[in-house]
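This briefing sets out selected side-chain contacts, surface patches and backbone features. Please read it alongside the sequence and the structure shown below.

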Amino acid sequence: MKTAAALLAAASVLTLAGAASAQAVAPEPVGKGSLVVTARMTGVLPQADDAILTAAGADSGLQVDVSDDWMPTLGFTYFVADHWAVEAILGATQHEVRAKGAGTDVAVHETWVLPPVVTLQYRPTPNATISPYVGAGVSYMAFFDGKDKNGFEVDLDDGFGVALQAGADWNLSGPWTLNLDAKKVWFDTDAKINGGALKSSVSLDPWVVSVGVGRKF
């Protein structure tokens, strides 16, 4: 259902972009002092497959699996110079944590995560019709509203990660843009299960991919 909703939202974004592009108005330029606010549909796609160990450090034969999720987010891009911008994204996603192994596939926890990412971007051609950019920055993963499942108790540590970014704006008519964006975040968290009877150092390392419509101010 979430994937279908994400596809529907992406189709809506493209429809809005097409409608904006149809207006016979030249794209507004951006430069130092410009602000772009972008409404996006964002997928947070963890890559975790780490081993679950016993308290003594022995391999339990199980691995961590963390589900993907798609949610609306907001991006704020402020141009500190004509070719340099700072971007912050805000949003929260929900993920299910499972323990998988031979003959085992059980849900142990469900949690929301607030993964704000702040990047410094270089934009070589900010006012071209297609304006690519690259960036690098930091992320903070904060887990909240967790729900344990199937008799397990799970504790996840918050923390900082690093991020690389690549994307492009399609400058439509007037103040409107269509944005495509991809970030790779490297983030590890320590997971304790049942008070430490089981544990795992989980490399979530998610891809954060987005499509959205932005407005220049």
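Buried means under 20% relative accessible area, exposed means over 50%, and partly exposed lies in between (1.4 Å probe, protein chains only). This is a predicted model, in which local features need pLDDT of at least 70 and side-chain atom pairs count only at pLDDT 80 or more, while totals for chains, interfaces and linings use all residues. Residues are numbered from 1 along each chain as its sequence is written, and side-chain values use heavy atoms, with hydrogens and water left out. Helices (H or I, at least four residues) and strands (E, at least two) are DSSP runs numbered from the N terminus.

- Glu-87 and Arg-40 form a salt bridge in which the closest N and O atoms are 2.8 Å apart. This pair links distant parts of the chain, with Glu-87 in strand E5 (residues 84–90) and Arg-40 in strand E1 (residues 35–45), 47 residues apart. Glu-87 and Arg-40 are both buried.
- Glu-87 also meets the side chain of Lys-183 in a salt bridge, at 3.2 Å from N to O. Because Lys-183 lies in strand E12 and Glu-87 in strand E5, the pair ties together parts that are 96 residues apart in sequence. Both Lys-183 and Glu-87 are buried.

- Asn-179 is located in strand E12 (residues 176–186). Its relative accessible area is 1%, so Asn-179 is buried. The side chain of Asn-179 is joined to that of Arg-40 by a polar contact of 3.0 Å.
- Asn-171 belongs to strand E11 (residues 159–171). With 9% relative accessibility, Asn-171 counts as buried. A polar atom of the Asn-171 side chain lies 3.3 Å from the backbone oxygen of Pro-126, and the side chain of Asn-171 makes a polar contact of 3.0 Å with the side chain of Lys-216.

**A salt-bridge network**

- Asp-105 and Arg-98 meet through their side chains in a salt bridge of 2.7 Å, N to O. Asp-105 counts as partly exposed because its relative accessibility is 46%. Arg-98 has a relative accessible area of 22% and is therefore partly exposed.
- Through salt bridges that share partners, Glu-96, Arg-98, Asp-105, Glu-110 and Lys-149 are joined into one network.

**Surface patches**

- Patches are made of residues with over 30% relative accessible area and no salt bridge; like charges are joined within 9 Å, and nonpolar side chains (Val, Leu, Ile, Met, Phe, Trp, Tyr) within 5 Å. Accessible areas come from the Shrake-Rupley method with a 1.4 Å probe, and for residues only the protein chains shown count as cover.
- A nonpolar surface patch is formed by Tyr-78, Val-80, Trp-84, Val-86, Val-118, Leu-120, Tyr-122, Val-134 and Val-138, which together have about 750 Å² of accessible area.
- At least two residues of the nonpolar patch come from each of strand E4 (69–81), E5, strand E8 (117–122) and strand E9 (130–148). E8 provides the largest share, three residues.
- Leu-120 is placed in strand E8, and at 43% relative accessibility Leu-120 counts as partly exposed.
- Asp-155, Asp-157, Asp-158, Asp-188 and Asp-190 form a negative surface patch. Asp and Glu count as negative and Lys and Arg as positive, while His and the chain ends are not counted. The place of a charge is taken as NZ of Lys, CZ of Arg, CG of Asp or CD of Glu.
- Asp-190 is part of strand E13 (residues 188–193), and its relative accessibility of 40% makes Asp-190 partly exposed.

**Backbone features**

- Met-71 is in strand E4 and counts as buried at 19% relative accessibility. Met-71 and Gly-43 are 28 residues apart in sequence, with a C-alpha to C-alpha distance of 6.6 Å.
- Asp-145, in strand E9, has a positive phi of about 55° although it is not a glycine.
- Asn-150 is not a glycine, yet has a positive phi of about 55°. Asn-150 sits in the loop between E9 and strand E10 (154–156), and its relative accessible area of 56% makes Asn-150 exposed.

Note on methods: Salt bridge = Lys/Arg side-chain N within 4 Å of Asp/Glu carboxyl O. Polar contact = N/O pair within 3.5 Å; in protein donor to acceptor, adjacent residues only side chain to side chain.
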